[in-house]
Amino acid sequence: MKTAVEWLEKELNYIEENKYTSYIDLKIKQAKEMEKEQMKRACIRTEYEDKAWQKLMEKQFEQYYNETFKNKNNETDSI
């Protein structure tokens with residue numbers, strides 16, 4: 001499964017000799033961070049009164065996100 005940001009990244013990587021490469025890389029990273037936050041909000045829709053439960057939900061989301069998106073891209077840095 002490819003996200004919209006992953007698709008865009010692949011498309012932009014085809015541009016040769018782009019003098020804006022570092023700018024594009026920065027914007028892709030920012031878009032991935034925004035996408036991750038949107039996904040997190042969709043998975044964890046409310047603030048839980050039980051903070052332990054909230055932390056558990058956040059931890060499970062991080063684990064899901066890392067297994068689903070980071071490992072397939074061989075990324076080691078945190079998004």
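Axes here are lines fitted to C-alpha atoms, for helices over the stretch in contact, and angles run from 0 to 180 degrees between N-to-C directions. The model is predicted, so that local features need pLDDT of at least 70 and side-chain atom pairs count only at pLDDT 80 or more, while totals for chains, interfaces and linings use all residues. Residues are numbered from 1 along each chain as its sequence is written, and side-chain values use heavy atoms, with hydrogens and water left out.

**View 1. The packing of helices H2 and H3.** Helix H2 (residues 21-43) packs against helix H3 (residues 51-70) at an angle of about 130 degrees, and their axes are 11 Å apart; helices are DSSP runs of H or I with at least four residues, numbered from the N terminus. The two helices are therefore oblique to each other, a class left for angles that are not under 35 degrees (roughly parallel), over 145 (roughly antiparallel) or 65 to 115 (roughly perpendicular).

**View 2. The residues in contact between H2 and H3.** Contact (heavy atoms within 4.5 Å) is made by Lys32, Lys36, Met39, Lys40 and Cys43 of H2 with Glu58, Phe61, Glu62, Tyr64, Tyr65 and Phe69 of H3. Leaving aside neighbours within four places in sequence, Phe61 is in contact with Lys36, Met39, Lys40, Cys43 and Ile44.

**View 3. The largest nonpolar core.** Six residues, Met39, Ile44, Met57, Phe61, Tyr65 and Phe69, make up this core, a set of buried Ala, Val, Leu, Ile, Met, Phe, Trp, Tyr and Cys residues joined through side-chain atoms within 4.5 Å. H3 gives the most to the core, with four residues. Of the 79 residues of the chain, 23% count as buried (under 20% relative accessible area, 1.4 Å probe, protein chains only).

Definitions and conventions: Buried < 20%, exposed > 50% of the residue type's maximum accessible area, 1.4 Å probe, protein only.
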